[in-house]
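The following explanation is intended for a reader meeting this structure for the first time. Please keep the sequence and the model in view while reading.

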Amino acid sequence: VIDNEEKLTEYKVNTDVEYLRQAMEEAEGLEFSGTESEYGLMLGSVNGLYADYSVDGAYWSVLVNGTYGMYGIDSQPVMDGDVYTILYTVDFSE
């Protein structure tokens, strides 16, 4: 997890789950919440830091091995050895 101050918090998870949300639920000390939608959970808060796009263009991105992921946490497959980053992101284009 990389927060709004670019502070990195690492969680190592050994798991056999299929999707990232399940692995996140197993990560000791990681807290997250959001809004359920037809596409799965839209992250709103990670470790107490809330990202609100409607207020300041902030949202949580999912990166897989340093590249923006193509899926949300409910549909992002977990593969052995991959590194997943939950990154606080601000869209300055507004």
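Predicted model: local features only at pLDDT ≥ 70, side-chain atom pairs only at ≥ 80, totals over all residues.

**A sheet and its surroundings**

In β5, Thr67 is the bridge partner of Val64. Strand β4, which covers residues 58–64, pairs with β5 in the antiparallel sense, over two bridges.

This pairing belongs to an open sheet of three strands, ordered β5-β4-β6 and paired in antiparallel fashion. The edge strands are β5 (67–68) and β6 (84–90), each of which pairs on one side only.

Attention may now turn to a single residue of the sheet. Ser61 lies in strand β4. Its relative accessible area is 4%, so Ser61 is classed as buried, the cut-off for that class being under 20%. Leaving aside its neighbours within four places in sequence, Ser61 is in contact with Tyr68, Thr85, Ile86, Leu87 and Thr89. With one of these residues, Thr89, the side chain of Ser61 also forms a polar contact of 2.7 Å.

The loop between β4 and β5 contains Asn65. The phi angle of Asn65 is near 50 degrees, a positive value in a residue other than glycine. Asn65 is partly exposed because its relative accessible area is 44%, and that class lies between 20% and 50%.

A positive phi is also found at Glu6, a residue other than glycine, where the angle is near 65 degrees. Glu6 belongs to the segment before α1 (20–26). Its relative accessibility is 69%, and Glu6 therefore counts as exposed.

Notes:
Residues numbered from 1 in each chain as written. Heavy atoms only, no water. Pairing = 2+ DSSP bridges. Helix = DSSP H or I, 4+ residues; strand = E, 2+ residues; numbered from the N terminus. Buried < 20%, exposed > 50% of the residue type's maximum accessible area, 1.4 Å probe, protein only. Polar contact = N/O pair within 3.5 Å; in protein donor to acceptor, adjacent residues only side chain to side chain. Contact = heavy atoms within 4.5 Å.
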